[in-house]
Amino acid sequence: MDRILEERFESDEKALQTKTVISKYGQDSAVKHARIWVCLRVIYGLARRGATITQRDIYYQLISHFDDQKQLNEVLRCIAHILDLERHEFGVIACPRGLVYGCLVFRYDDIRVDCSIQRQLVSSVVMRSDFKAESRNASCILVVEKEGIFNRLVDDGFTKRIPGILVTGMGYPPLYVRALVHKLRNQLNIPVYGLFDHGPHGVAIHLVYKVGSRSMGGDRYSVPDMRFLGLRRSATCGLLRTTCPSGYSSRKRTILSSERRWRQWLRARPRLSCKLFMKFRRSI
């Protein structure tokens with residue numbers, strides 16, 4: 001890791017790219033430039049020791065340099081672009097967030113974890129090259145938006161009635177959860193379903209799994225064939241008209257506004273076309 005970082009900064013061409021990226025990110029702001037370099041100092045120290053650190057720990061170490069956690073996260077994304085590495089590759093990991101349960105056993109570094117015994121936190125181990133998933137009888141992967149729904153399905157014995165794997169990112173999924181779903185889909189070759197709210201945020205979360213996230217990992221960990229579960233537009237329109245006409249009008253405007261934003265988002269992605277968005281829109 002130390003050698004990789006040294007190569008990144010010793011190359012004249014890379015140094016020129018680094019200067020360009022920093023200038024664009026910092027908008028000629030000395031404060032923002034300083035934030036990037038103090039973070040690079042921490043990262044270089046991690047590389048020399050072969051250690052790791054969470055984003056939250058970096059924030060507390062450098063709390064005098066940042067107003068909030070969001071500023072640090074933006075700097076770390078910029079550094080990942082400068083080094084042409086993913087965040088975990090230079091020793092910065094996220095606090096575990098996300099749960100998995102069901103007919104799944106995964107292995108890494110001669111360690112075996114059985115997810116049918118209890119709920120397991122999704123951590124950085126899913127990013128390891130030796131991470132292997134195994135399942136004898138899982139028929140599907142069900143990704144759930146909310147932790148409460150996930151816990152209810154586990155408590156009700158969902159995976160005993162329908163052998164499968166339950167995953168939740170507890171809202172918008174972190175990188176590790178997206179990577180887990182992507183690897184389970186590829187290694188087990190079983191269908192993936194998403195249980196989300198029928199609303200702007202539910203649609204947005206589904207698309208993060210389906211086509212990836214611009215701010216973290218791009219579409220590397222996307223699951224293009226994930227299928228949407230939950231209420232459909234046809235199931236809600238009549239109910240809203242009958243029970244709350246004014247609420248229906250307001251809700252309809254919100255959904256359409258969100259659709260317009262996501263349509264612009266998808267158009268900005270060179271691999272995707274508006275046809276994908278329209279197909280998804282018709283499906284809900």
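This is a predicted model: local features need pLDDT of at least 70, side-chain atom pairs count only at pLDDT 80 or more; totals for chains, interfaces and linings use all residues.

Residues are numbered from 1 along each chain as its sequence is written, and side-chain values use heavy atoms, with hydrogens and water left out.

The protein chain has 284 residues, and 47% of them count as buried. Buried means under 20% relative accessible area, exposed means over 50%, and partly exposed lies in between, with a 1.4 Å probe and protein chains only. The accessible surface of the chain is about 15600 Å², and carbon and sulfur atoms hold 51% of that area. Such areas come from the Shrake-Rupley method with a 1.4 Å probe; for residues, only the protein chains shown count as cover. Among contacts with a separation of 6 or more, 69% are between residues 24 or more positions apart; a contact means heavy atoms within 4.5 Å.

In secondary structure, the chain comprises 12 helices and 11 strands. Both are DSSP runs numbered from the N terminus, helices being H or I of at least four residues and strands being E of at least two.

Let us turn to the sheets. Six strands make an open sheet with mixed pairing, in the order β6-β3-β9-β8-β10-β11. Because β6 (120-121) and β11 (227-229) each have a single partner strand, they stand at the edges, and one side of each is left without a neighbour in the sheet. Two strands are said to pair if DSSP finds at least two bridges between them.

Within this sheet, β3 and β9 are antiparallel and share four bridges, with Gly-102 opposite Ile-165 in β9. On the other hand, β8 and β9 run parallel, joined by four bridges. β8 is also joined by four bridges to β10 (residues 192-195), again in parallel.

Which way do the side chains of β9 point? Ile-165 and Val-167 point one way, Leu-166 and Thr-168 point the other way, and all are buried.

A further open sheet has three strands in the order β5-β4-β7, with antiparallel pairing. Its edge strands are β5 (111-114) and β7 (132-134), each of which pairs on one side only. From one strand to the next, the twist averages 20°; axes are lines fitted to C-alpha atoms, for helices over the stretch in contact, and angles run from 0 to 180 degrees between N-to-C directions. Strand β4 (residues 105-108) is joined to β7 by three bridges, and Val-105 stands opposite Glu-134 in β7. β4 and β5 share four bridges, with Arg-112 in β5 as the bridge partner of Arg-107. These two strands form a hairpin with two residues between them, and Asp-109 in the turn has a positive phi of about 50°.

Next, the helix α6, residues 147-155. Its buried residues are Phe-150, Leu-153 and Val-154. They lie on the same side of α6 because they cover an arc of only 100° around the axis, the arc being that of the directions from the helix axis to the C-beta atoms. Arg-152 and Asp-155, on the other side of α6, are exposed. The buried residues pack against β3 (99-102), β8 (141-144), α7 (158-161) and β9 (165-168). After α6 comes Gly-157, with a positive phi near 75°.

In helix α7 we find Thr-159, which is buried at 10% relative accessibility. Leaving aside residues up to four places away in sequence, Thr-159 touches Tyr-101, Gly-102, Cys-103, Gly-164 and Leu-166.

Finally, the cysteines. A disulfide is a covalent bond between the sulfur atoms of two cysteines. How many disulfides does a search of the whole structure find? It finds zero, where a disulfide is counted as a pair of cysteine sulfur atoms within 2.5 Å. For Cys-39, the nearest cysteine sulfur is that of Cys-78, 10.0 Å away. Cys-39 is buried at 2% relative accessibility, and Cys-78 is buried with a relative accessible area of 6%.

Thank you for your attention.
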